[in-house]
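Keep the sequence and the 3D view open as you read.

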Amino acid sequence: MKLSDFEYQAPSTPSEVVRILASRPGEAKILAGGQTLLPMMAYRLAQPALLIDLKNIQGLNKIVIDQSGVRLGARTRWRDIEDDDGLVKAQPLLKEAISHVAHYQVRNRGTVGGSLAHADPASELPCVAVTCEAEIRVLGPQGERRIKAEDFFLGALTTALAEDEIILEVHFPAWPSNRHWAFKEFSRRPGDFALAGVALFYDLDSQQRACNAHIGVVGACQCSQRLSAAEHALNGNAIDHGTILAVAAAAAQQANPPGDLHGDVAYRKALVATLLQRALEEAANITTENHK
Ligand SMILES: Cc1cc2nc3c(=O)[nH]c(=O)nc-3n(C[C@H](O)[C@H](O)[C@H](O)COP(=O)(O)OP(=O)(O)OC[C@H]3O[C@@H](n4cnc5c(N)ncnc54)[C@H](O)[C@@H]3O)c2cc1C
């Protein structure tokens, strides 16, 4: 189907974007990489009267790594993250997770801001943002505000972003070098949306027990979220085979995945448990064979 008619503007500052959004309530949509919005328009699932293209706004595509952590500008593309070697140490979980996003062509255009605003629970970035307690900086008519990722994602395709706000950047807190982490997902073909995925990190206390566990899921809940029951099962315990099985079982129990023709609820819950088991083994640098 052809897109319905729309006006087009390409302002040069975020404030101008906000002004236009506020002047056309319910009619205008921001255009970033267009990898979601344009297909939705082609299917007439979205019919905005006005597209506000971000392409002329300078500085929104920066990756900044400093002592406070990592800041990704809203127009940062998946390709930019893939090409930034500094992220290997500064945010390894993010870097690994993003390597699973989409196909080559989509990766050249799809952006951080578009993914956060679209809030698909099957997307990698919202999961990592929630897992890592990232903060999203947005600008609206009343000025800037920062929203914790856990408060930003309200449900599938639903966020705390107001209609007249623009995402400016997302900030990931600094990453200690001795942190244990892993990301695992399963999709039928590389680059497809995952049927399920898990992101995790934890630290070790002086007795080599896990603490500060953070476990998030991709495509296994109605909203990008952490699995508190699995984190609880991990915190305070040595990483051995018993702990890993207990954490995986708690995760499967708490996961609330959708069922569809690609996999029913029971299959996806089992997938969460298996992926989490593998992720924990990798994070601890132990293999399943060690436990036999
Ligand atoms: C074939 C295919 C496979 C894909 N596979 C994956 C995958 O495996 N994993 C994954 O995570 N994603 C996947 N995607 C999605 C893609 O990676 C992008 O994340 C997604 O298209 C959104 O980014 P975008 O820049 O294209 O946003 P757009 O399509 O331009 O916009 C999406 C939405 O975000 C809004 N928006 C954009 N930028 C901002 C901003 N700065 N502030 C406020 N609102 C904004 C728009 O108004 C719109 O509502 C896939 C897409 C395709 C087409």
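## Terms and model

Residue classes come first: Ala, Val, Leu, Ile, Met, Phe, Trp, Tyr, Cys and Pro count as nonpolar, Asp, Glu, Lys and Arg count as charged, and the others, Gly among them, count as polar. By these classes, the shell around the ligand has 14 nonpolar, 12 polar and three charged residues.

The model is predicted: local features need pLDDT of at least 70, side-chain atom pairs count only at pLDDT 80 or more, and totals for chains, interfaces and linings use all residues. Numbering starts from 1 along each chain as its sequence is written.

## Domains

The domain assignment gives domain 1 (7-53), domain 2 (63-173) and domain 3 (180-284). Such bounds come from an automatic or database domain assignment. Between domain 1 and domain 3, the C-alpha centres are 36 Å apart.

## Ligand shell

A residue is near a molecule or strand if its C-beta atom, placed from the backbone, lies within 6 Å of it. The ligand has 29 residues around it, and Gly 33, Gln 35, Gly 110, Gly 113 and Gly 114 come nearest. Domain 1 and domain 2 both give residues to the shell, so the ligand lies between them.

Helices (H or I, at least four residues) and strands (E, at least two) are DSSP runs, numbered from the N terminus. At least two shell residues come from each of strand S2 (28-31), helix H2 (37-42), helix H7 (112-118), helix H8 (124-131) and strand S10 (166-173). H7 gives the most, with five residues.

Strands count as paired if DSSP finds at least two bridges between them. Five strands form an open sheet in the order S4-S5-S10-S6-S7, with antiparallel pairing. Strand S4 (63-66) and S7 are the edge strands, each pairing on one side only. From one strand to the next, the twist averages 20°. Axes here are lines fitted to C-alpha atoms, for helices over the stretch in contact, and angles run from 0 to 180 degrees between N-to-C directions.

S5 (residues 69-73) pairs with S10 over five bridges. Here Gly 69 stands opposite Pro 173. S6 and S10 also pair over five bridges, and Leu 139 faces Ile 166 in S10. Six bridges join S6 (residues 135-140) to S7 (residues 143-148). A hairpin of two residues connects S6 to S7. Arg 137 stands opposite Arg 146 in S7.

## A helix across the sheet

Helix H1 (residues 14-23) lies across S6 and S10, at about 130° to S10. Contact means C-beta atoms, placed from the backbone, within 7 Å.

Notes:
Contact = placed C-beta atoms within 7 Å.
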